Amino acid sequence: MRTLTYAEGIREGMRIKMLEDPNVLIFGEDVGQFGGCFGVTAGMVDEFTDKRVIDTPISEGVIIGAAVGAAAAGLKPIAELMFVDFLTVGMDQLVNQAAKMRYMFGGKVSMPMVVRLPSGGGVRAAAQHSQSLEGWLTHVPGLKVIYPSNAADAAGMMLTAIEDDNPVMYLENKSMYAMKGEVPDTIVPIPLGKAAVKREGSQVTVITYGKQVYDALSAAETLSKDGVDVEVIDLRSLYPLDKETIKASVEKTGKVVLVSEEVKRGGFIGEIAAVISEEFFFSLDAPILRVGALNTPIPFSPGLEDYVLPDQLDIVHAIKKIV
Amino acid sequence: MKLSNEKILSMYENMLKIRKFEERAMILFSEGQIPGFVHLYIGEEAVATGACANLNEDDFITSTHRGHGHIVSKGGDLNLMMAELFGKETGYCKGKGGSMHIADATKGILGANGIVGAGHNIAAGAGLSAKYRGTEQVCVCFFGDASTNQSTFHESMNLSSIWKLPVVYVCENNGYGISMSQERQMAVKNISDRATAYNIPGVTVDGNDVFAVYEAVEEAVKRARKQQGPTLVECKTYRHRGHFEGDPTIYRAASELQEWLEKDPVKRMESFLVENKVATLEEIEALINKIETEVSNAVKFAQDSPYPAVEQAVQDIFSDIVEEVKIR
C-alpha cells in the first residue's frame with residue numbers, strides 16, 4: 001500500500017493507461033505546463049510530451065466535440081473540463097453527439113472517451129463553479145456516470161473508464177483533491193456498476209457517493225454513540241447502478257436515507273428513491289428520505305454556502321426521523 | 001488539373017447516383033413509404049462529388065442533416081441507405097437513425113447529423129486523430145452556410161488552425177438557412193472571408209461546377225496531407241427543393257429557382273461530357289438507365305426488408321449494456 005491524494009489517484013490511473021496504450025491522450029484547458037486548474041495533470045506533460053497532454057483554447061464545445069471525433073476515429077481521449085459547470089457550453093456535443101452516436105448509427109461506432117468533470121461546492125466558488133450536475137448526466141441514455149470518492153477508487157475506476165468503449169463521465173469532487181488515501185501498489189481496474197459498502201450496519205442504510213460518503217460515515221459514527229447502527233453505501237457508479245447491493249441492504253435495514261450534494265429537486269437520488277420504491281417497496285418500513293442541497297444556486301459567502309450544502313448534521317437529523 | 005475520362009465519368013456517375021436516389025426518395029416520401037422527414041440534396045450534387053473525388057477510403061467526412069449526397073460520394077451503399085430511410089432492420093443503422101443519421105465507420109463516414117454545426121467539432125477530433133497517429137488521412141467537414149453562425153464553427157476553425165489539423169472545411173452555401181436568406185443571417189457576402197479570422201486560406205468557388213469544387217478541394221487536401229493545416233472552401237450552390245420535403249418555399253422567388261435550374265450541375269456535366277467527347281448521348285442514356293436500376297433495386301431491397309424487432313430498441317445504447325425493459 002501507498003498513500004496518495006485523490007488528485008494523485010486520478011493522475012495515477014491516467015498515467016498507467018497512457019504508459020500502456022499510445023492511443024490514450026489528454027486534452028483540456030491548461031492541462032499542460034500549468035498542470036490543470038486543480039493540479040490533477042501536474043507533471044504529465046513532462047512525462048508524456050505536449051503531443052499527448054495538450055492545452056486547448058477555452059472552447060468547451062470543441063473539447064468535448066473533438067473528443068467525440070477522436071474517439072470515433074480511433075483514439076481514446078480523456079477530455080478535462082475545468083469545472084462541471086462549463087459543461088453547459090459543450091452540452092450539445094455531449095448529449096446529442098457522444099451519447100447518441102453509437103445508438104443512432106446502429107451500434108457501429110465506438111465512443112471510448114472519458115470526460116473529467118470537477119464538481120461540487122465548498123470552495124467558495126459561487127454559483128457558476130460549484131454545481132453538482134450528475135442528475136443531468138444520468139438522465140441521458142448513452143452516458144456512463146461515475147463518481148469515485150477516494151484515491152484508490154479514483155485510480156482503479158479511471159483504468160476501467162479509459163478502457164470502456166462508451167462515453168464515461170468521470171465526476172470528481174474538487175473539495176477532495178488533497179484528501180489522502182491508501183492505494184494498492186498494483187492498481188487494478190474496478191468494474192463500473194459496483195458499489196462499495198463502506199460501513200456495515202443493521203438499522204438504516206445511507207446511500208451516497210463522492211464527498212458525502214465522508215459526511216455519512218461521520219453521521220454514522222455520531223449515531224453509533226446513541227446505539228443507532230448505520231450502513232453506508234458508496235455507489236461509486238451512478239450509471240450503471242448497482243441495484244443488487246442496494247437491494248441487499250434495503251432488505252436488511254428496511255430504512256433508507258439518500259444523500260447527495262445536488263440540489264434536491266430533480267436530483268439523481270430521486271431516481272434511486274423511485275427505483276427502491278418500485279422494486280423493493282415491500283422491504284421498506286419507513287419513508288425514503290433524501291438529503292440534498294437547498295434548491296438554490298450556490299451562494300458565495302461562506303456562511304450562506306455552508307447553509308445551502310448538506311452536511312453530516314443534516315444526515316444525522318434525517319436518520320433520526322426514521323429510526 | 002488534368003482528369004482522365006474515366007475519372008470524369010465516375011464523377012458524373014456519382015452525381016447521377018445522388019440525383020436519382022434523391023428523386024426516388026422524394027416520391028417515396030410523398031407516398032408515405034418513408035417516415036419522418038427528408039432533406040434532399042438535389043441541386044448540390046457537384047459539391048459532395050467534387051470534394052469526395054479527392055478522398056481515399058480511409059479518409060473521414062462529417063455530414064449534415066442534408067447528408068445523402070455526402071454518404072453516396074464517400075462510397076455509401078444505396079441498398080443500406082434506402083433501407084435506413086425506410087426504418088428497416090437491414091438499413092445502415094438498423095433503422096435507429098433514419099435519413100439524418102446515416103454513418104459508415106468502415107468508410108470513414110462519421111455520420112450525417114441532425115444538429116446544425118455539430119460536425120465542425122467532430123471533424124476537428126477526426127483530424128486530431130489522423131495527425132496524432134501520424135497518418136496522411138484528412139477529414140472533409142461538410143456544412144451549410146447557416147451553420148457558420150454557430151459557435152462550433154468558430155471553435156473548430158480556431159482549433160484546427162492553431163493545431164494545423166488535416167481538416168478541409170467545405171461549406172455548401174445554398175443561400176438559405178431554412179427560410180432565412182444569407183443576407184438576412186450574416187453580414188458577409190462570401191463565407192470564405194471568415195477564414196481570415198483563423199489565418200487560413202479561404203476560397204469561394206462555383207458549387208455547381210464539379211471541376212471547380214474538385215480543384216479547390218484538391219489543393220486543400222494536399223495542404224492537409226502535408227500537415228499545413230485546414231482550408232475553408234465555400235461552394236455557392238442552391239437546393240432545388242425546400243429545406244425539407246413539404247416546405248412550401250414561400251421565402252424565395254420562383255424566378256430565383258428558375259435561374260438556378262438553368263445552372264443545374266447534373267445537366268451542366270452532361271453538356272460537358274458531350275461537348276468534350278467524353279461520352280455520347282447514348283452512353284449517357286445507358287448510364288442513367290444503369291443508375292435507375294440500381295436505385296430501383298435499393299428501393300426493392302428496402303421494401304422487402306423487415307422492420308426491426310422491438311427488442312432492438314434497447315440495444316446498441318452501450319457496447320456492453322442492454323437496457324432492461326420494465327413495466328411502464
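**A helix pair in chain A**

Author: A:Tyr6, A:Glu8, A:Gly9, A:Ile10, A:Glu12, A:Gly13, A:Met14, A:Ile16 and A:Lys17 of H1(A) are in contact with A:Ala151, A:Ala152, A:Ala154, A:Ala155, A:Met158, A:Leu159 and A:Ile162 of H7(A). Contact here requires C-beta atoms, placed from the backbone, within 7 Å, and helices are DSSP runs of H or I with at least four residues, numbered from the N terminus. By class, the residues of this contact comprise 11 nonpolar, two polar and three charged; Ala, Val, Leu, Ile, Met, Phe, Trp, Tyr, Cys and Pro count as nonpolar, Asp, Glu, Lys and Arg as charged, and the others, Gly among them, as polar.

The model is predicted: local features need pLDDT of at least 70 and side-chain atom pairs pLDDT 80 or more, whereas totals for chains, interfaces and linings use all residues. Residues are numbered from 1 along each chain as its sequence is written, with chains lettered from A and ligands numbered from 1 in the order in which they are written.

As to geometry, H1 (residues 6-20) and H7 (residues 151-163) of chain A pack at an angle of about 30 degrees, their axes 7 Å apart. Axes are lines fitted to C-alpha atoms over the stretch in contact, and angles run from 0 to 180 degrees between N-to-C directions. H1(A) is therefore roughly parallel to H7(A), a term for angles under 35 degrees. The crossing of H1(A) and H7(A) is right-handed, that is, the near helix is turned clockwise from the far one by less than a right angle.

Note on methods
Helices (H or I, at least four residues) and strands (E, at least two) are DSSP runs, numbered from the N terminus. Angles under 35 degrees count as roughly parallel, over 145 as roughly antiparallel, 65 to 115 as roughly perpendicular and the rest as oblique. Two residues are in contact if their C-beta atoms, placed from the backbone, lie within 7 Å.
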